[in-house]
Amino acid sequence: MLRFDHVTKQFGGFKAVDDVSFTVRPGIITAVIGPNGAGKSTLVNMAAGSYRVSTGRILIDDVELQALPKHKIAHAGLSRTYQNIRLFDGMSVMKNLEVALVPPSIGSLVSDTFGFGGRREAEERRERCFEVLKTLGLAPFAERQAGSLAYGQQKLVELARAIVPKPRVLLLDEPAAGLNHGETEQLKQHILALRQPDLAMVLIEHDMKLIMSISDTIIVMNRGQLLAEGSPADIRANIEVQEAYLGQPGAIRDIEAAARGRRNRVRLREGEGLTWHQP
Ligand SMILES: Nc1ncnc2c1ncn2[C@@H]1O[C@H](COP(=O)(O)OP(=O)(O)O)[C@@H](O)[C@H]1O
Ligand SMILES: [Mg+2]
């Protein structure tokens with residue numbers, strides 16, 4: 001499992017993540033929600049080794065991730081997708097996936113994708129990649145240039161690349177952003193199919209319908225702080241209370257608004273079954 005232990009990230013004098021602690025368990029989908037700028041992506045960037053933690057610890061089981069370089073973090077079983085697509089546009093979909101399987105000790109990721117490790121290993125890597133492409137309905141695009149695919153397909157290739165190394169922790173940063181209704185529904189089915197006992201999944205999303213329908217537990221972030229943690233039913237009840245109270249629709253806006261005034265936060269604390277993390 002993945003554990004954030006009193007994690008803070010400061011950019012200059014600004015705390016993007018402020019003393020956040022929570023645990024992500026295997027076998028379930030943990031959603032992280034909150035308004036733009038809440039610190040969600042920063043959590044992922046720290047876990048994946050893109051950002052250094054200012055204070056606190058991030059652990060997979062008992063392995064402290066911040067002490068490791070990026071590729072060792074991947075080796076420890078952590079995979080992530082990016083909020084903004086990061087594919088090698090000029091390479092085939094297949095090659096984009098193979099990159100994720102080449103051990104960094106071998107050297108330059110891209111150039112070694114082609115030749116490293118002998119024919120049998122290369123064949124096994126391609127088989128694994130193709131298997132994942134098939135699962136996600138991307139097999140027909142295996143030899144297409146990644147940059148030539150439609151946006152929704154590129155988002156799926158990102159997901160495929162993250163799955164290929166068989167991670168134990170999978171962090172998905174807004175996988176549904178920019179997708180249409182049908183694509184979002186497809187993505188939902190893919191994510192549900194990924195849920196398995198030995199995989200801890202984190203889903204950062206703004207699509208509340210998607211969040212509510214597939215998450216097992218939800219963490220609410222606001223202004224760098226962990227505001228609440230609970231089941232979808234708990235969070236939904238809370239959002240409904242907020243909507244009734246504030247008289248305006250829009251779950252995320254309400255969560256944000258709720259965090260602005262102490263009165264609202266006190267009201268939030270009354271939510272049944274919720275664990276509120278007060279600063
Ligand atoms: N590299 C960075 N340098 C300075 N500020 C950053 C950096 N990355 C993120 N931030 C700031 O940290 C805050 C949280 O950002 P982010 O984690 O991307 O939010 P979210 O993903 O919840 O929308 C924002 O105010 C953002 O501007
Ligand atoms: Mg983000």
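Is Leu138 buried or exposed? In this predicted model, Leu138 has a relative accessibility of 1%, so this residue counts as buried. Leu138 is found in the loop between helix H5 (118–135) and H6. Leaving out residues up to four places away in sequence, Leu138 touches Leu133, Gln153, Leu156, Val157 and Ala160. The C-alpha atom of Leu138 is separated by 9.8 Å from that of Met94, a residue 44 positions away along the chain.

The setting for this residue is a protein chain with 11 helices and 11 strands. Of its 279 residues, 50% count as buried. Contacts in the chain with a separation of 6 or more are made to 66% by residues 24 or more positions apart.

Leu138 also belongs to the largest nonpolar core, a set of 43 residues. Together with Leu133, Leu159, Ile191, Met201 and Ile218, Leu138 is listed among those with the most contacts inside this core. Helix H6 (residues 151–163) supplies the largest share of the core, namely 6 residues. Both domain 1 (1–77 + 168–231) and domain 2 (89–166) give residues to the core, which therefore lies between them. A second, separate core holds 29 residues, including Ala48, Ala200, Ile219 and Leu226. As general background, nonpolar side chains in soluble globular proteins tend to be buried together.

One residue from each core is worth a look at this point. From the second core, Ile219 has its place in strand S9 (residues 217–222). Ile219 counts as buried because its relative accessibility is 1%. With residues up to four places away in sequence not counted, Ile219 touches Phe22, Thr30, Ala31, Val32, Ile33, Leu226, Ala228 and Glu229. Between the C-alpha atoms of Ile219 and Pro232, which are 13 residues apart along the chain, the separation is 9.6 Å.

Helix H6 also carries Glu158. With a relative accessibility of 3%, Glu158 counts as buried. Apart from residues up to four places away in sequence, Glu158 touches Thr81, Tyr82, Asn84, Ile85, Arg86 and Leu87.

Turning to the metal site, the magnesium ion (ligand 2) has Ser41 (OG) and Gln83 (OE1) as its protein donors, which lie 2.1 Å from the ion. Ser41 is part of helix H1 (residues 40–47), whereas Gln83 sits in the loop between strand S6 (78–80) and helix H3 (93–98), so the pair ties together parts that are 42 residues apart in sequence. Gln83 counts as partly exposed because its relative accessibility is 31%. Helix H1 itself is mostly covered, with 7 of its 8 residues buried. The buried residues of H1 are Lys40, Thr42, Leu43, Val44, Asn45, Met46 and Ala47. After H1 comes Gly49, with a positive phi near 90 degrees.

How many aromatic pairs are counted? The total is 2 aromatic pairs. In one, the ring centres of Phe4 and Phe22 are 4.7 Å apart and the planes stand at 20 degrees, so this pair is stacked. Phe4 is in strand S1 (residues 2–11) and Phe22 in strand S2 (residues 14–24), so that the pair links distant parts of the chain, 18 residues apart. Phe4 counts as buried, at 5% relative accessibility, and Phe22 counts as buried at 5% relative accessibility. Another pair is formed by Phe11 and Tyr51, with ring centres 5.4 Å apart and planes at 85 degrees, so its geometry is edge-to-face. Since Phe11 lies in strand S1 and Tyr51 in the loop between H1 and strand S4 (55–60), this pair ties together parts that are 40 residues apart in sequence. Phe11 is partly exposed, with a relative accessible area of 38%, and Tyr51 counts as partly exposed at 31% relative accessibility.

Conventions: Residues numbered from 1 in each chain as written. Chains lettered and ligands numbered in written order. Predicted model: local features only at pLDDT ≥ 70, side-chain atom pairs only at ≥ 80, totals over all residues. Heavy atoms only, no water. Donors = N, O, S within 2.8 Å, 3.2 Å for Na, K, Ca; no water. Helix = DSSP H or I, 4+ residues; strand = E, 2+ residues; numbered from the N terminus. Buried < 20%, exposed > 50% of the residue type's maximum accessible area, 1.4 Å probe, protein only. Core = buried A, V, L, I, M, F, W, Y, C linked by side-chain atoms within 4.5 Å. Domains from an automatic or database assignment. Phe/Tyr/Trp six-rings, centres within 6.5 Å; stacked < 30°, edge-to-face > 60°. Contact = heavy atoms within 4.5 Å.
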